[in-house]
Amino acid sequence: VITWLLRAVASLLVIIAIGVGYLLLAVDPNDLKPEIKNAAASQGLELSLDGNLSWQFLPQIGVVIEQVEFAHSTVASGKVSELSLSVSWTELFNIDLSSNQLPEASIAISDATILLAELAPNTFPVQFKRFNARVNDFSLTGERFSVEASAQVFSGLALELDAAVALQLNTNTGLIEQVTVTDLNASIDGMELSGQFNAENNFVTAQGTLRSNRFDLQQL
């Protein structure tokens, strides 16, 4: 049995090595730019991919993209120095290449500047600078995924965030109908926040519980 298992593992490693070698030699990830743009556009996201694309194989298979500009009319717009999109090796075999739907993926964002879309006309704009984030199993179908992020917000306040998020997108309108945030732990300078909330209708209504430590509002 042990001999059979060793042979099976060795065969699998050889198959993976051949597949990786084929991708490196035969497929230029820069040729995937039209497909990436189309898949993003199907979710209401416009992408500009002026930088280089390169393969990533460990710990997941994916693409690393440099110099990304993006815009979503109801969510945010901005620039990203480096964006990594990857899926697990098991998820890779379940992707339907004939569909424009994005698979559940992991997303890593490095050194981004992001401007949030206005929640209502003439509201105060919120911009994040030096934004770095890691999102695991991202989905727009209501499934929960984890988010870890850090940034500078407003006049340079340091923001740290860790939460579980679920987004429900209306595929007809391109609007996010529901946002659910649980297990929220965030810090803004000296203020610590924790809790959970649910927002609907593009944040027109929201309900939940948020708690903070004692902090100096004037200093903040």
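**View 1. The side chains of N52 and N30 are joined by a polar contact of 3.2 Å.** A polar contact is a pair of N or O atoms within 3.5 Å; within protein, one atom must be able to donate a hydrogen and the other to accept it, and residues adjacent in sequence count only if both atoms are side-chain atoms. The structure shown is a predicted model, in which local features need pLDDT of at least 70 and side-chain atom pairs count only at pLDDT 80 or more, while totals for chains, interfaces and linings use all residues. Residues are numbered from 1 along each chain as its sequence is written, and side-chain values use heavy atoms, with hydrogens and water left out. N52 belongs to the loop between β1 (46-49) and β2 (53-56). Helices (H or I, at least four residues) and strands (E, at least two) are DSSP runs, numbered from the N terminus. Leaving aside residues up to four places away in sequence, N52 touches N30, V64, I65 and E66, where contact means heavy atoms within 4.5 Å. N52 counts as partly exposed because its relative accessibility is 38%; buried means under 20% relative accessible area, exposed over 50%, and partly exposed in between (1.4 Å probe, protein chains only). The C-alpha atoms of N52 and K33 are separated by 9.9 Å, and these residues are 19 apart along the chain.

**View 2. Helix α2 (residues 33-41) contains the buried residues K33, I36, A39 and A40.** Why do these residues lie on the same side of α2? They do so because they cover an arc of only 130 degrees around the axis. The arc is that of the directions from the helix axis to the C-beta atoms. Among the elements that cover the buried residues of α2 are β1, β2 and β3 (61-71).

**View 3. Strands β2 and β3 form a hairpin with four residues between them.** The two strands run antiparallel and are joined by four bridges; strands pair if DSSP finds at least two bridges between them. Q56 stands opposite G62 in β3.

**View 4. The largest nonpolar core has 37 residues.** A nonpolar core is a set of buried Ala, Val, Leu, Ile, Met, Phe, Trp, Tyr and Cys residues joined through side-chain atoms within 4.5 Å. Which residues have the most contacts inside this core? They are I109 and F131. At least two residues of the core come from each of β3, β4 (76-87), β5 (105-116), β6 (127-138), β7, β8 (157-169) and β9. In soluble globular proteins, nonpolar side chains tend to be buried together. Not counting residues up to four places away in sequence, I109 touches V80, E82, L83, F131, N132 and A133.

**View 5. D111 and D137 each have a positive phi value in a residue other than glycine.** D111 is found in strand β5, and its phi is near 50 degrees. D111 counts as partly exposed because its relative accessibility is 44%. D137 is found in strand β6, with phi near 60 degrees. The relative accessible area of D137 is 42%, so this residue is partly exposed.

**View 6. Strand β8 is joined by antiparallel bridges to β7 and to β9.** β7 and β8 pair over 11 bridges, whereas 10 bridges join β8 to β9. A164 in β8 stands opposite S146, and in β9 the bridge partner of A164 is T182. The hairpin of β7 and β8 has three residues between the strands, and in it F154 takes a positive phi near 55 degrees.

**View 7. D183 and R144 form a salt bridge.** A search of the whole structure finds one salt bridge, defined as a side-chain nitrogen of Lys or Arg within 4 Å of a carboxyl oxygen of Asp or Glu. The closest N and O atoms of D183 and R144 are 3.8 Å apart. The pair links distant parts of the chain, with D183 in strand β9 (residues 176-188) and R144 in strand β7 (residues 141-153), 39 residues apart. Side chains of opposite charge can pair when their charged atoms come close. R144 is exposed because its relative accessible area is 53%.

View 8. From the N terminus on, the elements run α-α-β-β-β-β-α-β-β-β-β-β-β-β. Of the 220 residues in the chain, 31% are buried.
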